[in-house]
Amino acid sequence: MAAHPEARSGGFWNQTNTVLVDDSSEKARSEPHNLLQIPEYDGMANEPPFVLPQVHDYINELAYQTDVSRYIRKNPFKLDAKYRL
């Protein structure tokens, strides 16, 4: 809790302001709408391109939300195969 930027004034981490980025839904079983699920990285050439830039853009959008869990539930992260830098 001390890592929260507003901890000294009572700020704390909770479902509205916490995002888990992982390749497995298992770790987010208790809070499924706080998961930004990405494909597992195995180093193969046929993996989807531009995953991290898309994650970056999605997290930037989450930064403007008052409740990230609600936003993720309504707008889950989806890779766009046509995404280009």
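# Briefing: burial, salt bridges and helix packing

Arg70 is partly exposed, with a relative accessible area of 41%; on this scale buried means under 20%, exposed over 50%, and partly exposed in between (1.4 Å probe, protein chains only). The model is predicted, so local features need pLDDT of at least 70 and side-chain atom pairs count only at pLDDT 80 or more, while totals for chains, interfaces and linings use all residues. Residues are numbered from 1 along each chain as its sequence is written, and side-chain values use heavy atoms, with hydrogens and water left out.

**Overall architecture**

- The protein contains 2 helices and 2 strands, taken as DSSP runs numbered from the N terminus (helices: H or I, at least four residues; strands: E, at least two).
- Read from the N terminus, the order of these elements is β-β-α-α.
- The C-alpha trace extends over about 45 × 25 × 25 Å along its principal axes.
- Buried residues make up 24% of the 85 residues of the protein.
- The accessible surface is about 6,500 Å², and carbon and sulfur atoms contribute 54% of that surface; areas come from the Shrake-Rupley method with a 1.4 Å probe, and for residues only the protein chains shown count as cover.
- Among contacts (heavy atoms within 4.5 Å) with a separation of 6 or more, 40% join residues 24 or more positions apart.

- Val51, Gln54, Val55, Tyr58 and Leu62 are the buried residues of helix 1. Because they cover an arc of only 100 degrees around the axis, these residues lie on the same side of helix 1; the arc is that of the directions from the helix axis to the C-beta atoms.
- The partners against which the buried residues of helix 1 pack are strand 2 (35-37) and helix 2 (68-74).
- Ile59 also belongs to helix 1, but at 36% relative accessibility Ile59 is partly exposed.
- Apart from residues up to four places away in sequence, Ile59 touches Val21 and Leu36. Ile59 and Leu36 are 23 residues apart along the chain, and their C-alpha atoms are separated by 8.8 Å.

- Phe50 occupies the loop between strand 2 and helix 1.
- Although Phe50 is not a glycine, its phi is positive, at about 60 degrees.
- Phe50 is partly exposed, with 29% relative accessibility.

- Asp67 lies in the loop between helix 1 and helix 2 and is buried at a relative accessible area of 17%.
- The side chain of Asp67 reaches the backbone nitrogen of Ser69 at 3.1 Å.
- Polar contacts are pairs of N or O atoms within 3.5 Å; within protein, one atom must be able to donate a hydrogen and the other to accept it, and residues adjacent in sequence count only if both atoms are side-chain atoms.
- Not counting residues up to four places away in sequence, Asp67 touches Gln15 and Thr16.
- Ser69, a residue of helix 2, is buried at 1% relative accessibility.
- The side chains of Ser69 and Gln15 make a polar contact at 2.9 Å.
- With neighbours within four places in sequence set aside, Ser69 is in contact with Gln15, His33 and Asn34.

**Salt bridges**

- The model has 3 salt bridges, each defined as a side-chain nitrogen of Lys or Arg within 4 Å of a carboxyl oxygen of Asp or Glu.
- Asp22 and Lys27 form a salt bridge through their side chains, at 3.2 Å from N to O. Asp22 is buried at a relative accessible area of 14%, whereas Lys27 is exposed at 55%.
- A salt bridge also joins the side chains of Arg29 and Glu26, with an N to O distance of 3.0 Å. Arg29 is exposed at 62% relative accessibility, and Glu26 is partly exposed at 46%.
- The side chains of Asp67 and Arg70 meet at 3.6 Å, N to O, in a salt bridge.
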